[in-house]
Amino acid sequence: MQSEIITVGSELLAGETVDLHSSYLSRELHSLGIDVQFHTSVGDDAQKLHDVISLARTRSQLIFLCGGLGPTMDDLTKETVSEVTGVPLVEDPEVKRRLEKYFEGRMKVVPANNYKQTYVFSGGVVFQNHHGTAPGLALQVDGITYVLLPGPPGELVPMFEKQVRPFLLREVIQEGQVILAESLSFFGLGESLLEEKIADLIRQQDNPVLATYAKESGVMLRITAWAPDEAEARQLIDRQKAKVLTRIGEYCYSEQGETLEEVVVAGLIRHQKTVAVAESCTGGKLAHLLTSVPGSSRAFKGGWVTYTNEVKEKIASVPAEYLNEYGAISAQTAELMARNTLECFDSDFALGVTGVAGPDPAEGKPVGTVYIGLAEKGQPVRVYQFALKGSRRRIQLLAANHALFVLEQCLKKGETTR
């Protein structure tokens, strides 16, 4: 099956917005065995959009259109598809109900223009938008499937994951084939190194197909297999997964698509353990990640942000002579931050994080230098040093995630020394 992706919006052509949808959808469709042959961006112009869709339907059996589903006059995607295909738009009562509920408490009345979004293709499929107002749509006519998705990534991605992919598997993929996919999450090695470790497996690109995805922190590897039945597809995935984990399993923290903080909190609860934190360069991000997980109160005792030397001394009990001799950004300070936090909170584990988030070096240390102390009841404190790259915000996030990964590895392996 040949497919193509059309992104709609004058802001794309003006360089104000970067098209991330085409790369995302291409990876997802490739993992389903669907070839993407064309990427096209078109402005908010009805005639030009009409021409682009008319051309696409002469060469593709699956056409994705991203954007142009909003409430304004220049949002013309579904109206133009309706014109090209001859399929009328009709008001959908459920979409209308959801729209009115969305605006409840936000304003007294729904803006009149928004009711434009309640119109869908007659006989088509509606993908409800749980993160915005514009529903996604699908239409199958004359042997061609059109899938229309909202422009904001925070709406498009979850809609694809939860609704569009199952629709494609159910209605578009060749009958008689079962497609299964499993995602492995990795931390501690970048996308390029991960690919290097399993390059021969990726190059095969037969069945199963392996595709890597760089996340904000970490890498995800999706393994997709297709077979006449689910059991055979599962066997294909399991065999390939075993090869992958043999090579880089030490970096894998989840086989269920969980975040690193979710895995850590679940591990602590499973082992009936608790953790507390002392943070400097991360400014509370580590505590934020842990407490973003529902049920984390069973595992997270608390923490403090010891951002200045004065607070490190008064709150985290790091002696002034330590700070003067070794510096706030040092293995020695990270060790004491972790040890003293463990004692103060009477937790099973404690993490101490200190470093240079940037933009300037500090204490003679380059930007990205981070020390993480891990304290565990009855065990020596272990200290880890990292040289991280990126913006200030990225270094803070990476440092917090490295702290989580250190604890996750300890929980997984039951380490007592390192």
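Which residues does N114 touch, not counting residues up to four places away in sequence?

1. N114 touches P71, L99, F103 and T133, where contact means heavy atoms within 4.5 Å. N114 sits in the loop between α5 (93-103) and β5 (119-121). Its relative accessible area is 9%, so N114 is buried (buried: under 20% relative accessible area, exposed: over 50%, partly exposed in between; 1.4 Å probe, protein chains only).

2. Basis of these notes. The model is predicted, and local features need pLDDT of at least 70, side-chain atom pairs count only at pLDDT 80 or more, while totals for chains, interfaces and linings use all residues. Residues are numbered from 1 along each chain as its sequence is written, and side-chain values use heavy atoms, with hydrogens and water left out. Helices (H or I, at least four residues) and strands (E, at least two) are DSSP runs, numbered from the N terminus.

3. Helix α3. Within α3 (residues 46-56), the residues L49, V52, I53 and A56 are buried. They lie on the same side of α3, because the arc they cover around the axis is only 95° (the arc of the directions from the helix axis to the C-beta atoms). An α-helix has 3.6 residues a turn, so residues three or four places apart point the same way. The cover over the buried residues of α3 includes β1 (2-8), β2 (35-42), β3 (62-66), α4 (77-85) and β8 (144-149). At the start of α3, the backbone nitrogen of Q47 has a side-chain oxygen of D45 within 3.1 Å.

4. The six-stranded sheet. The strand order of this open, mixed sheet is β2-β1-β3-β8-β7-β6; two strands pair if DSSP finds at least two bridges between them. β2 and β6 (125-127) are the edge strands, each pairing on one side only. On average, neighbouring strands of this sheet are turned by 15° against each other, direction ignored (axes are lines fitted to C-alpha atoms, for helices over the stretch in contact; angles run from 0 to 180 degrees between N-to-C directions). Helix α2 (residues 21-31) packs on the sheet and touches β1, β2, β3 and β8, with its direction at about 160° to that of β1.

5. β7 and β8. Strand β7 (residues 136-141) runs antiparallel to β8 and is joined to it by five bridges. L137 stands opposite L148 in β8.

6. Strand β9. Seven of the nine residues of β9 (residues 178-186) are buried. Nine bridges link β9 to the antiparallel strand β11 (residues 219-227), with F186 opposite V219. Two bridges join β9 to β12 (residues 252-254), also antiparallel; here S185 has S254 as its bridge partner.

Conventions:
Polar contact = N/O pair within 3.5 Å; in protein donor to acceptor, adjacent residues only side chain to side chain.
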